[in-house]
Amino acid sequence: MKIVIAGGTGFLGENLEQFFLNKNYEVKILTRNPKRKNEIFWDSKTIGAWKDELENADVLINLAGKSVDCR
């Protein structure tokens, strides 16, 4: 199974990634600052290589957006 996590480099994303990797799923992370081999540059404004990662993805989890800890 292929899982794509948008904005998945934070606390929740890292835990989700590890959970799915432990189940032997393929996990791709869309991020503005890719550092690892499974992280793909994504700025949410331009179409790039990240759109190819959505092809044949079974699940897309969107963790990008405004923090829930704001007023």
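Visitor: Is Asp43 buried, exposed or partly exposed, and what is its relative accessibility?
Guide: Asp43 counts as partly exposed, at 23% relative accessibility, where buried means under 20% relative accessible area, exposed over 50%, and partly exposed in between, with a 1.4 Å probe and protein chains only. This is a predicted model, in which local features need pLDDT of at least 70 and side-chain atom pairs count only at pLDDT 80 or more, while totals for chains, interfaces and linings use all residues. Residues are numbered from 1 along each chain as its sequence is written, and side-chain values use heavy atoms, with hydrogens and water left out.

Visitor: Where is the place of Asp43?
Guide: Asp43 sits in the loop between strand 3 (39-41) and helix 2 (50-54), helices (H or I, at least four residues) and strands (E, at least two) being DSSP runs numbered from the N terminus.

Visitor: Which backbone nitrogen does the side chain of Asp43 reach at 2.9 Å?
Guide: That of Thr46, at 2.9 Å, and the backbone nitrogen of Lys45 also lies 2.9 Å from a polar atom of the Asp43 side chain.

Visitor: Changing topic, how many aromatic pairs does a search of the whole structure find?
Guide: The search finds 2, where rings of Phe, Tyr and Trp (its six-membered ring) pair if their centres lie within 6.5 Å, and planes under 30 degrees apart count as stacked, over 60 as edge-to-face and the rest as tilted. Phe19 and Phe20 form an edge-to-face pair, 5.3 Å centre to centre with 75° between the planes.

Visitor: Which residues form the aromatic cluster?
Guide: Phe19, Phe20 and Tyr25 form one cluster; Phe19 is partly exposed at 43% relative accessibility, whereas Phe20 is buried at 13% relative accessible area.

How values were computed
Polar contact = N/O pair within 3.5 Å; in protein donor to acceptor, adjacent residues only side chain to side chain.
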